[in-house]
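Here is a short report on helix packing and side-chain contacts. Keep the sequence and the 3D view open while reading.

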Amino acid sequence: MDTNKNERIDELKKEDITNDSESKEDEVMEEKTNDTSKNDNNESDTSNIETPKAESNKTIQDTPKVENKKKVEYNSNAQNNKVEEKPQQQAEEQKVKSELGVVFDTNYFSDDWKVSQVEKSISVFYPNWNSQKFADMLRKFHIAPTKKVKELSKGMQMKLMLACAFSYDAKLLILDEPTSGLDPVSRDELLKILSEYIEDGEHSVLFSTHITGDLERAADYITYISYGELYFTGSKDDFVDMFRIVKGGIEELSDDLKNKAAGIRTFPTGFEALMKTEDISGFPNLTVEPATIDEIVVFTSKKGDDYE
């Protein structure tokens, strides 16, 4: 009996184990089935979401590409225009420069150059260079081709720079204080050279100077700058005719005269003042004299303790 009972118990245990295993397998199968259905749903949802995204991306990406292409083409055309314009602008610039002559108040050549070397170094920059004209100018200015630049006086160095400018027929000469530091003879000779240079009416000279005597002799037009401000620009004759020098005793120095005067200088016995020509009619008792350029500059600058 005991044996049969034990066998029966063993059979029941086996059945329980089998049932548990089958139930577990069923649960695993159900989980797998649920997971599969979830994945299917997710894939379906994903496809529904991704499709509009792809269309949206296509729309967004295509539009800028077209715009960028247009921009690139436009910029490319602009660059081509610049490339085409640049050689023309350079040619015009070179033409203008070839017609300019610049002379400073100090020598800009190498001190160790001989005069003949000056021509070799400078002539390559000017297509209109005339070697015969340069040789003629050297003879006129009494400059030996074998001399070194440092062996020339300041006046002779100035003439050498002018000889270079004349040799390529510069239409406009720009000079910075050309007569500064020259002796009276050299200054006179230089002004004569400049006067001859502009006689044909096809050449011009623009020069800055503090020596008003040079302006009296050589200038046709004057631009006067006082303390960094433009005071006058026009013909030399108009500039001089604008003013008169008036003189009188201290008792004649009225407030009205002080207000109208461009500048006044007083002395123990009297005064002299610079006045505009149009204002002197109101002072008939004063002595009136023409004004020089030097006097106009001095009085309008109001320099010194004796000037008001």
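## Basis

This is a predicted model. Every distance and angle below is computed from that predicted model.

## Helix H3 against helix H4

Helix H3 spans residues 131-140, and helix H4 spans residues 154-167. They pack at an angle of about 150 degrees. Their axes are 8 Å apart. Angles over 145 degrees count as roughly antiparallel, so H3 is roughly antiparallel to H4. The crossing of the two helices is right-handed.

Which residues of H3 and H4 meet? From H3 come Lys 133, Phe 134, Met 137 and Leu 138. From H4 come Leu 160, Ala 163, Cys 164, Phe 166 and Ser 167. By class, this contact has seven nonpolar residues, one polar and one charged.

## Helix H4 against helix H5

H4 also packs with helix H5, residues 184-197. Here the angle is about 10 degrees, and the axes are 11 Å apart. Angles under 35 degrees count as roughly parallel, so H4 is roughly parallel to H5.

H4 contributes Met 158, Lys 159, Leu 162 and Phe 166 to this contact. H5 contributes Glu 189, Leu 190, Ile 193, Leu 194 and Tyr 197. Seven of these residues are nonpolar, none is polar and two are charged.

## Asn 107 in its loop

Where does Asn 107 lie? Asn 107 is in the loop between strand E1 (100-103) and helix H2 (115-123). Its side chain reaches the backbone nitrogen of Phe 109 at 2.8 Å. A polar contact of 3.3 Å also joins the side chains of Asn 107 and Asp 111.

Now set aside the neighbours within four places in sequence. Asn 107 is then in contact with Val 149, Gln 157 and Met 161.

The structure holds 10 salt bridges. One of them pairs the side chains of Asp 112 and Lys 150, at 3.1 Å from N to O. This pair links distant parts of the chain, with the two residues 38 apart. Asp 112 sits in the loop between E1 and H2. Lys 150 sits in the loop between H3 and H4.

The loop between E1 and H2 thus holds Asn 107 as well as Asp 112.

Methods: Residues are numbered from 1 along each chain as its sequence is written. This is a predicted model: local features need pLDDT of at least 70, side-chain atom pairs count only at pLDDT 80 or more; totals for chains, interfaces and linings use all residues. Side-chain values use heavy atoms; hydrogens and water are left out. Axes are lines fitted to C-alpha atoms, for helices over the stretch in contact, and angles run from 0 to 180 degrees between N-to-C directions. Helices (H or I, at least four residues) and strands (E, at least two) are DSSP runs, numbered from the N terminus. Angles under 35 degrees count as roughly parallel, over 145 as roughly antiparallel, 65 to 115 as roughly perpendicular and the rest as oblique. A crossing is left-handed if the near helix is turned anticlockwise from the far one by less than a right angle, and right-handed if clockwise. Contact means heavy atoms within 4.5 Å. Ala, Val, Leu, Ile, Met, Phe, Trp, Tyr, Cys and Pro count as nonpolar, Asp, Glu, Lys and Arg as charged, and the others, Gly among them, as polar. A polar contact is a pair of N or O atoms within 3.5 Å; within protein, one must be able to donate a hydrogen and the other to accept it, and residues adjacent in sequence count only if both atoms are side-chain atoms. A salt bridge is a side-chain nitrogen of Lys or Arg within 4 Å of a carboxyl oxygen of Asp or Glu.
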